[in-house]
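Here are my notes on the model, point by point. Have the structure open while you read.

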Amino acid sequence: IIHGAMSANFAVAGATRAQPRVPPQLGSVPKVAQRSTDEPSPNRTSASFRSATTVALAAFALVGNIRRATNCSSSRSAFRQIHRRAVQPSRRGKSEAGRTGVLSSIWRRSRSLQDHIMNSGEGLDRNNAYVYRMVTIFLLVTALPFLFCLRNFFTDPSLSDFDVEYGPHLAHPLLKATSTFQAILVGLALLWREKNRDAPIDRLFAWLFVPEAIFHICLHFLNHHNPFGNFAFGYAFGAGIALPGFLSLMAYVPKNRFLPWAYMALYIATQIPITYGLTDMVGPAKMRLNFANLNTATITGPFFYGILKRWKDVPKLPVFLATAVISYQVTMGIIGPINSATVLKLYDLEVVKQHAVVDIGFGFAYAASIYYGLFKKGQPQPDFSK
């Protein structure tokens, strides 16, 4: 900041010392007119000095409020706003009375610029505070269904048929590779979003894809007789899918404060039995896969209400990708080798390839969702303060 302020003052001082040359054709111009061309205007020089000094003083004032300045959408944008407002013409006139008290006027203007930037940042925080609070509550809600199935994490492996088909299916090297590829796509999109911090809600939306990406890797690399591996399977096919959708539901219907609470109540009512089925290691292993396919369709259904409500403002590519992948997954779960009379086993390559297609499809759908954000470019962010 100090370096920028010194550079601005140096540029202004250099501009006042520089004298442009007189073109030959202006030699016959009267001295009064020629002086107005050759010499910098006192009003222009004074205005430039006031603008540069205002930028410097406002920058130094922001240093003392660095904690509040970090709450703005970006420090660069804050200083751009300061500079843009500082170079605007002063409201004072060009009379002698308007030139008096210049220093005090500059200081007052710099303070008003600082207050304007800080107040805009605080307003942004107040607007997003509701979203952060609701997402935090929902994170706690996603853990509640697991309290009703704690005994599923401490079972006798000899009573389970998990290692017969489903265990080798999930541990297949191809699925380990596709789950890692999905996490890489999410990570690259998240890095891009962090580099372009254009909207706090879109940043939060991007980070809510991380739990699913992490737990999806864990469910393929860890044996489900391990309690954490079993938990990863239940969380990835439940809360991992619901977290970003829950935020999108609030963003697309911001004025409806009842809808998020209704969804959380519906989530608890449906996820208690489904989570129990997802983590049941004693029952038939294929039933866990059926619960996973069922939950993918059940948990995402309410989110389409918000998407259809703001259809004109929603990026279409992520919606089409997610719909296509979900439809393929549910269809293969109904008519695929899981329930059909076939000699194929879950660990056979043809069945594994179907799972791999779903993983890759969701990877591209997640990355597209993070890249495009919740709204089309140019659309205003939702207002939760009303």
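1. Glu194 counts as buried, at 18% relative accessibility. On the cut-offs: buried is under 20% relative accessible area, exposed is over 50%, and partly exposed is in between, with a 1.4 Å probe and protein chains only. The side chain of Glu194 meets that of Arg203 in a salt bridge, 3.0 Å from N to O. Salt bridge here means a side-chain nitrogen of Lys or Arg within 4 Å of a carboxyl oxygen of Asp or Glu. Arg203 itself is partly exposed, at 26%.

2. Before going further, a word on what we are looking at. This is a predicted model, where local features need pLDDT of at least 70 and side-chain atom pairs count only at pLDDT 80 or more, while totals for chains, interfaces and linings use all residues. Numbering runs from 1 along each chain as its sequence is written, and side-chain values use heavy atoms, with hydrogens and water left out.

3. How many salt bridges does the structure hold? Two. Besides Arg203 with Glu194, there is Arg310 with Asp313, with side chains at 3.0 Å, N to O. Arg310 is partly exposed at 22% relative accessibility, and Asp313 is buried at 16%.

4. The overall fold: 18 helices and zero strands in the chain. Both are DSSP runs numbered from the N terminus, helices being H or I with at least four residues and strands E with at least two. Of the 386 residues, 42% count as buried. The accessible surface comes to about 20,500 Å², and 65% of that belongs to carbon and sulfur atoms. Those areas come from the Shrake-Rupley method with a 1.4 Å probe; for residues, only the protein chains shown count as cover.

5. Sequence separation deserves a look. Among contacts in the chain with a separation of 6 or more, 80% are between residues 24 or more positions apart; contact means heavy atoms within 4.5 Å. Take Glu165, in the loop between helix 7 and helix 8, which is buried at 15% relative accessibility. Leaving aside residues up to four places away in sequence, Glu165 touches Lys286, Lys345, Leu346 and Tyr347. Glu165 and Asp348 are 183 residues apart in sequence, yet 9.2 Å apart in space, C-alpha to C-alpha.

6. Now the rings. The structure holds 24 aromatic pairs. Rings of Phe, Tyr and Trp (its six-membered ring) pair if their centres lie within 6.5 Å; planes under 30 degrees apart count as stacked, over 60 as edge-to-face and the rest as tilted. Phe215 and Phe231 make an edge-to-face pair, 5.7 Å centre to centre with 80° between the planes. Phe215 is in helix 11 (residues 210-221) and Phe231 in helix 12 (residues 227-236), so this pair ties together parts 16 residues apart in sequence. Phe215 counts as buried at 15% relative accessibility, whereas Phe231 is partly exposed at 24%.

7. Which way do the rings of Phe215 and Tyr235 lie, edge-to-face or tilted? Their centres are 5.0 Å apart and their planes at 55°, so the pair is tilted. With Phe215 in helix 11 and Tyr235 in helix 12, this pair ties together parts 20 residues apart in sequence. Tyr235 is buried, at 8%. Ring pairs link Phe215, Phe231 and Tyr235 with Phe146, Phe153 and Phe228 into a cluster.

8. Ala236, also worth a click, is in helix 12 and is buried at 1% relative accessibility. Setting aside residues up to four places away in sequence, Ala236 touches Glu212, Phe215, His216, Leu219 and Ile241. Ala236 and Cys218 are 18 residues apart in sequence and 9.3 Å apart in space, C-alpha to C-alpha.

9. Arg257 lies over the face of Tyr130, 3.7 Å from the ring centre. Arg288 lies over the face of Phe233, at 4.4 Å.

10. Last, the surface. Leu144, Leu147, Phe148 and Leu150 form a nonpolar patch there, with about 410 Å² of accessible area together. Patches take residues with over 30% relative accessible area and no salt bridge, joining like charges within 9 Å and nonpolar side chains (Val, Leu, Ile, Met, Phe, Trp, Tyr) within 5 Å. Phe148 is in the loop between helix 7 (102-143) and helix 8 (166-170), and is exposed at 55%.

Technical notes
Lys NZ or Arg CZ within 6 Å of the ring centre and 35° of its normal.
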